[in-house]
Structure formats: structure tokens, C-alpha cells
Amino acid sequence: MGAHESFCWVVNGTSLPIPFFGIQAKEVKGCVNYANGSAVYWIKDVNGKILLRWVSSADDFKWSVITRTTWPELNIVNFLQWILESGNVTEVRKLGDSYEFYLFLRAEYESNAGTIEDPHIIKTVKLWNVTLVVNGDGKPLGGHISGKDKGPSNVYGANWLHEGNFTLLGQWG
């Protein structure tokens, strides 16, 4: 993926949960600038309302989440790096001057849903299918994401579906 000082992208789809902001979205346009320590998000929620969210490196917790997350709406470059490093390439196709990479990732997670005295270990499984389109120089252009999480029905944050297309828009600033 290479190093990126700043970048912008857009993700649109049928189901885009963004727990960090507590929003269910149809479209997210985001920009992250590591050099000046800022990120901005234009979010269209499921009702068509446009919301603006700004994150600054002055808020250590939120900035840490933005710069480390693999959630595609919050940081598409981290997401793609994670998929490329942890997943499997299942197919590659040449389309004119570009290439399509088909990627699959299955990630299993365990956590304690009980107390220290009475632990209750739960397991969730995240499945991602990603189509990544790159140009002839290997620069990512966009693609399609489809993800789902399977876990116990009583676990907050488990059992989501994630579907959409993304486009990398270039540098910010």
C-alpha cells in the first residue's frame, strides 16, 4: 500500500455501521491527514441527513482509534493493509490497464463476557470479501467490500453485515 501522509476516500453502500460515531450510514466520505493530525468525515445517514464529524490529534483517544482502526469507513488505507497482510488473495484479473484482486479474510476473536470470578468466553468470527482495483502501477483505486460478523445473539456489536463500494480520492490538503 505504501506510506500515505494524507488521503481521502468515499464508501457507499447498503449497510455501513459506524459504531465509533453511533451512526448507521449510507455513505461516508473521509479524509485523514497524519501530518497535521486531523480527520474529517461527511456522513450521510440512512435517513439522508448529512452529518459532519471532526477528529483532532488533540483528542488522544479518538486520534488513536482513527490511526489504528481497520474499520473501512474510518480509515480505508488501514483496512486495505490489514486485508492484504492478514487475508488471502483468491484471484487476480487484468481489466484493461488495471487489476482486480479478490481477497478473503476470516478472523476469529475471543473475549470475556463474564466477570473475573465467573468468566464466560464468547467467540465471534468476522468474514470479509474484498475486491481491490489497482492501476498498472499498483496504486489502489477502489473496489467492493462485503463483511459480516457472526457471534452470540446477546453480544453487543456482534452479528453485523457490512456491504458497499469504495473509491480512493487522493491526497487531502
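Predicted model: local features only at pLDDT ≥ 70, side-chain atom pairs only at ≥ 80, totals over all residues.
Two strands are taken to pair if DSSP finds at least two bridges between them. Two residues separate the strands in the hairpin of β5 and β6, where G96 adopts a positive phi near 60°.

The pairing continues from β6 into the strands that follow. Strand β6, spanning residues 98-112, and β7 are joined in the antiparallel sense by 15 bridges. The hairpin of β7 and β8 has four residues between the strands, and G138 takes a positive phi near 85° in it. Strand β7, which covers residues 121-135, is mostly shielded, with 11 of its 15 residues buried.

Taken as a whole, the sheet is open and is formed by nine strands in the order β4-β3-β2-β1-β9-β8-β7-β6-β5, with antiparallel pairing. Strands β4 and β5 (88-95) are its edges, each pairing on one side only. On average, neighbouring strands of the sheet are turned by 15° against each other, direction ignored. Helix α2 packs on the sheet, where it touches β1 (6-18), β6, β7, β8 and β9 (161-170); the direction of α2 makes about 100° with that of β7.

The nonpolar interior was examined next. In soluble globular proteins, nonpolar side chains tend to be buried together. The largest nonpolar core of the model contains 36 residues, among which Y41, I43, F79 and W128 touch the most other members. The greatest contribution to this core comes from helix α2 (residues 76-86), which supplies six residues. The surroundings of W128 were also listed. When its neighbours within four places in sequence are left aside, W128 is in contact with P72, F79, W82, I83, L103, F104, L105, I145, S146, G147, W160 and H162.

Helix α1 comprises residues 60-68, and W63, I66 and T67 are buried in it. These residues lie on the same side of α1, because they cover an arc of only 90° around the axis. An α-helix has 3.6 residues a turn, so residues three or four places apart point the same way. The opposite face of α1, turned away from the buried side, carries the exposed residues F61 and R68. The cover over the buried residues of α1 includes β2 (23-33), β3 (38-45), β4 (50-56) and α2.

The loop between β4 and α1 contains A58. With a relative accessibility of 70%, above the 50% cut-off, A58 counts as exposed. Although A58 and G37 are 21 residues apart in sequence, their C-alpha atoms are 8.0 Å apart in space.

A search of the whole structure for disulfides returns one. This bond joins C8 to C31, with an S to S distance of 2.1 Å. The torsion about the S-S bond of C8 and C31 is about 115°, and the disulfide is therefore right-handed. Because C8 belongs to strand β1 and C31 to strand β2, the pair ties together parts that are 23 residues apart in sequence. Both cysteines, C8 and C31, are buried.

Definitions and conventions. Residues numbered from 1 in each chain as written. Heavy atoms only, no water. Core = buried A, V, L, I, M, F, W, Y, C linked by side-chain atoms within 4.5 Å. Buried < 20%, exposed > 50% of the residue type's maximum accessible area, 1.4 Å probe, protein only. Contact = heavy atoms within 4.5 Å. Arc of directions from axis to C-beta. Axes fitted to C-alpha atoms, helices over the stretch in contact; angles between N-to-C directions. Disulfide = S-S within 2.5 Å.
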